[in-house]
Amino acid sequence: MTQPMTLALANGSRIAEYRIERLLGEGGFGLTYLATDEHLHKRVAIKEYLPIDFAMRGANAQVLPRTESSRNDFAWGLEAFINEARILAKFHNPYIVQVFRYFEANGTAYIVMEYVEGRTLRATVNDLGELQEAEILAVLLPVMDGLMDVHDAGILHRDIKPENILIRDDGKPVLIDFGAARQALGSKSRSITTVITPGYVPIEQYSTKGNVGPWSDIYSLAAVAYFCLTRKRPEEASDRALEDHLLPARDAANGLASPAFLNAIDRGLSVSPQDRPQNLEDWVKALRGDKEQVTKTVDSTPPPTLTPTPTKVVPEPTNEPPPKPSPAPNPAAAPAVERTSNRRGLIILLGLLLIVLGGFMAQQALLKFQGPDAPDDTTAGADSNIPSTPDTSADADPETNADAGTDSDVPEPEQPETSNGDGESEGDAVALEPEQPPEPEPEPEPLPEEDTTFRLTVITDPDGAHFVLYGDPRRYEDGIELTNGSYRLKISMPGYRTVEITVESSGEDVVREVTLVREITPQEQALFDAAKSSRSVADLQAYLNQYPQGSYADRVRSWLAEAQEREQQASEEQLRARAKEAVRAWRDCQPVPWKQTPTNGVAVFDIPGATSGSFRIRVGRTTLPASQISQIGSGSPLRELCSSATCYAVTAPFGETPYTVTQGRQNERGQACFYYPDERNHRYRVDF
């Protein structure tokens with residue numbers, strides 16, 4: 001729909017430092033223009049406050065209240081409009097349209113905003129068809145991230161619909177067209193019919209006394225999600241309040257998305273505000289299927305018992321199966337498992353220390369039984385009295401061992417009998433020293449833990465592509481951390497073919513480079529074929545206007561430069577040819593083909609001494625009236641053709657015609673060319 005010329009500012013008009021380029025959109029509360037900031041040389045969007053129910057465009061672009069009674073309502077909405085600009089300018093969220101400034105002029109106010117280049121969500125769905133759950137979340141989650149900040153500031157959008165969600169050229173969504181003025185005026189007058197967008201507005205917005213809040217925007221967002229899933233607009237809330245025939249999302253899209261996601265949409269579309277989530281945080285959790293984190297308890301199996309044996313210590317085997325790799329680490333269980341492992345290691349170490357300490361105490365008891373005459377070299381004495389390890393060396397002196405038993409007359413204390421490992425009595429042994437425990441084998445170093453995640457980076461040429469990561473509701477970003485496994489990634493970009501790649505990793509980081517191939521539509525191909533065939537500036541420029549980044553853009557630009565150069569050369573040649581032809585036509589008193597031939601032409605007659613009215617001029621057989629003979633003044637550009645003060649411009653039928661100038665009884669005859677009035681005129685001098 002085109003805005004009436006009486007309302008929209010004219011293209012090319014200026015307001016402050018902005019030049020209006022064209023009208024972008026209109027609504028019941030104002031107009032939005034594409035404009036150029038002439039100071040910064042960049043394009044912006046400007047919203048003008050002009051509620052058509054209360055205001056109109058007057059003279060000199062002024063905006064005036066329609067009636068005196070609507071003046072207060074107009075001022076009320078204007079204040080809300082300005083307040084909206086002040087609040088939105090504080091937000092710097094990439095998913096909320098950026099407000100730069102506001103100013104007042106023409107009796108109203110203007111908001112200067114970022115100009116978002118992209119397509120509406122509705123156009124995207126119409127082109128691509130029903131979206132998948134991951135694709136819908138890739139749009140809604142960023143938008144809700146920005147909307148949470150706006151809700152915290154006490155502002156509702158009140159008109160969320162597919163047309164007000166733009167998909168930038170880089171694939172990122174942005175929410176536009178906030179309406180504080182719409183909210184303020186809608187609360188004062190139900191005559192503002194444009195408050196309602198059928199199918200996307202909750203029941204409480206149908207009444208000026210409705211209890212609106214974040215739950216109202218949630219209804220609109222759920223309706224948008226329903227549209228993305230089914231390509232169908234939900235029934236109007238006012239109709240559903242009487243009799244609800246809306247097919248729930250869990251039935252309309254059964255099997256196309258997760259049950260939690262579909263149930264969250266149905267909750268958001270509840271007719272009663274109390275049945276919906278009351279804030280965006282809760283609804284986001286419902287959409288993503290988030291649940292309360294439950295801390296897992298670790299099996300409290302007692303640690304294995306350790307027996308004091310001089311042999312290798314072997315931990316008691318456990319019946320627990322080896323751990324299975326899980327898609328995501330459990331942050332609650334991991335610390336508990338680590339604590340159990342550390343406790344086992346500590347018990348093993350304490351057991352080994354007890355064994356060594358026992359051996360040391362046994363050796364001290366042996367020295368006590370041997371008495372003060374025992375040799376100082378305890379190591380040697382011990383070695384000579386271990387029956388289980390007799391010296392079998394050929395150089396051993398048998399007398400030495402014999403003397404060792406009779407060297408002292410002091411009766412030896414009775415030695416307690418001990419048994420060796422075979423059960424034999426060792427009562428004849430002088431002393432028993434417990435076997436030295438073998439050195440414990442070093443524990444094997446723990447194997448390095450296997451990585452359970454990897455980081456994914458996808459580099460596209462050109463950059464700025466839009467990504468959808470199947471199986472993961474998060475928005476893709478370079479270096480995203482994923483659980484080991486296989487993933488599918490959809491890569492799309494306006495003007496390029498959509499591709500899907502598979503990425504698989506068992507722990508190593510992955511970097512993939514993808515070159516996007518331009519998508520050639522039948523419309524683009526037809527424009528290119530016409531441009532290629534004619535090589536005319538018009539056809540070449542038509543292609544570039546429609547597809548500035550098209551598949552053939554570089555080739556067409558090269559052709560266009562050549563065509564413009566040829567056209568310039570032809571134009572210059574044509575001008576030279578025309579100049580020559582114009583000289584010939586002037587000389588021959590002939591019309592030129594590129595100009596319309598007038599009915600009458602003009603010739604200059606220089607008649608020295610002939611005052612006005614003292615002569616007559618006859619052209620052909622017609623005597624010209626005085627109205628067709630005018631004296632040339634000093635300020636006329638024809639004056640340069642005159643040599644006397646009495647010089648006249650004579651108008652007669654176009655072309656070369658015989659003339660007669662008569663003064664008294666004197667006549668002067670000749671041929672005169674009456675030529676284009678805007679060309680150089682022919683001059684004739686008449687001397688009587």
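Modeller: This is a predicted model. Its largest nonpolar core has 84 residues. Those with the most contacts inside this core are Leu121, Met144, Phe261 and Ile265. Helix 5, residues 214–230, gives the most to the core, with eleven residues. Domain 1 (17–114) and domain 2 (118–288) both contribute residues, so the core lies between them.

Take Ile265 as a way in. Leaving out residues up to four places away in sequence, Ile265 touches Ala222, Ala225, Tyr226, Leu229, Ala249, Trp283 and Leu287. Cys228 is buried too, because its relative accessibility is 2%. In soluble globular proteins, nonpolar side chains tend to be buried together.

Now helix 1, residues 71–88. Helix 1 has 18 residues. From first C-alpha to last, helix 1 reaches 26 Å, close to the 26 Å expected at 1.5 Å a residue. Its buried residues are Asp73, Phe74, Gly77, Leu78, Ala80, Phe81, Ile82, Glu84, Ala85, Ile87 and Leu88. Two of these, Phe81 and Glu84, are in contact with Lys47.

Lys47 sits in strand 4, residues 42–49. An unreviewed UniProt entry lists Lys47 under "binding site". Its relative accessibility is 10%, under the 20% limit, so Lys47 counts as buried. Setting aside neighbours within four places in sequence, the contacts of Lys47 also include Leu31, Thr32, Ala109, Tyr110, Ile111 and Met113. Asp177 and Phe178 are in contact with Lys47 as well.

Asp177 leads on to Asn164, which touches it. Asn164 is placed in the loop between helix 3 (133–152) and strand 10 (165–168). With 6% relative accessibility, Asn164 counts as buried. Besides Asp177, Asn164 touches His157, Asp159, Val174, Leu175 and Ile176, not counting residues up to four places away in sequence.

Apart from the core between domain 1 and domain 2 lies another core, of 25 residues. Among its members are Cys589, Ile607, Phe615 and Ile617.

Cys589 brings in the disulfides. A search of the whole structure finds two. One joins Cys589 to Cys673, with an S to S distance of 1.9 Å. The torsion about this S-S bond is about 90°, so the disulfide is right-handed. Cys589 lies in the loop between helix 15 (553–588) and strand 18 (600–606), and Cys673 lies in strand 24 (residues 666–674). The pair therefore ties together parts that are 84 residues apart in sequence. Both ends are out of the way: Cys589 counts as buried at 7% relative accessibility, and Cys673 counts as buried at 3%.

The other disulfide joins Cys642 to Cys647, with S to S at 2.0 Å. Its link is left-handed, with -75° about the S-S bond. Cys642 is buried, with a relative accessible area of 16%. Cys647 is buried at 0% relative accessibility. Counting bonded cysteines along the chain, the disulfides follow the pattern 1-4, 2-3.

How values were computed
Residues numbered from 1 in each chain as written. Predicted model: local features only at pLDDT ≥ 70, side-chain atom pairs only at ≥ 80, totals over all residues. Heavy atoms only, no water. UniProt positions renumbered as here; feature names shortened; annotations may be inferred. Helix = DSSP H or I, 4+ residues; strand = E, 2+ residues; numbered from the N terminus. Buried < 20%, exposed > 50% of the residue type's maximum accessible area, 1.4 Å probe, protein only. Contact = heavy atoms within 4.5 Å. Core = buried A, V, L, I, M, F, W, Y, C linked by side-chain atoms within 4.5 Å. Domains from an automatic or database assignment. Disulfide = S-S within 2.5 Å. Expected span 1.5 Å × (residues − 1).
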